[in-house]
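This report describes selected features of one protein model. The sequence and structure come first, followed by the account.

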Amino acid sequence: MFDHQGNRKYLNKKERRLFYNAVCNLDDINERAFCLTLFYCGCRLSEALNLRFSNIDPLEKQIVFKTLKQKTNIRYRAVPVPPELLALLRKRNDQGKIWKFSKVTAWRIVKRCMIKAGLEGTKATPKGLRHGFAVACISANIPITVVQRCLGHTDLKNTAIYLEIGGAE
């Protein structure tokens, strides 16, 4: 959870709040919905970009992600989301992919929000959001197997690294 120089690779609770506040002040509804998807779901950037409107399940209050990390063993996972995110996504009446921008543009959107939030370094990335999501789940006493499922990990060892987080978290 730290880079080779000892810098944290995840957003802590306070930093997640700062990011959330910056996202809520975005004028562009698409950018806001995209950043909140990363924030609330802990998905990989590529998984968010590959979401389709058919992946939104408003009745079950969840988004179904195709786990893209395992190329040979395609799996799907459902992640519960708050009504706030579902409402933002429903405002767009469209078909096909939810977001039409590239990976580079998505990175820039997240980076711009991180800067607005006053966050920088290794943790101020889409991956930092993913790690921060996992840490927040573990801190909230969500069972490790549920966190594993939300993150799309096949091996529990990959999820167990979040149990080693110390400090204020």
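In helix H2, the buried residues are Glu31, Arg32, Ala33, Phe34, Cys35, Leu36, Thr37, Leu38, Phe39, Tyr40 and Cys41. The model is a predicted one. Because 11 of the 13 residues of H2 are buried, the helix is largely enclosed by the rest of the structure.

H2 covers residues 29-41, and at 1.5 Å a residue its 13 residues should span 18 Å; the C-alpha atoms at its ends are 18 Å apart, which agrees. At the start of H2, the backbone nitrogen of Asn30 has a side-chain oxygen of Asp28 within 2.7 Å. Just after the helix, Gly42 has a positive phi of about 65°.

The largest nonpolar core contains 52 residues, and Phe19 and Phe34 have the most contacts inside it. Elements giving two or more residues to this core include H2, strand S2 and the helices tabulated below. H2 supplies the largest share, eight residues.

| Helix | Residues |
|---|---|
| H1 | 13-24 |
| H3 | 45-49 |
| H4 | 83-90 |
| H5 | 103-116 |
| H6 | 126-139 |
| H7 | 144-151 |

Leaving aside residues up to four places away in sequence, Phe19 touches Leu11, Cys35, Phe39, Val110, Cys113, Met114, Ala117, Leu119 and Leu129.

Three strands form an open sheet in the order S1-S2-S3, with antiparallel pairing. Strands S1 (56-57) and S3 (75-80) are at the edges and each has a single partner strand, so one side of each is left without a neighbour in the sheet. Two bridges join S1 and S2 in the antiparallel sense. Ile56 has Ile63 of S2 as its bridge partner.

Technical notes
Residues numbered from 1 in each chain as written. Predicted model: local features only at pLDDT ≥ 70, side-chain atom pairs only at ≥ 80, totals over all residues. Heavy atoms only, no water. Helix = DSSP H or I, 4+ residues; strand = E, 2+ residues; numbered from the N terminus. Expected span 1.5 Å × (residues − 1). Buried < 20%, exposed > 50% of the residue type's maximum accessible area, 1.4 Å probe, protein only. Polar contact = N/O pair within 3.5 Å; in protein donor to acceptor, adjacent residues only side chain to side chain. Core = buried A, V, L, I, M, F, W, Y, C linked by side-chain atoms within 4.5 Å. Contact = heavy atoms within 4.5 Å. Pairing = 2+ DSSP bridges.
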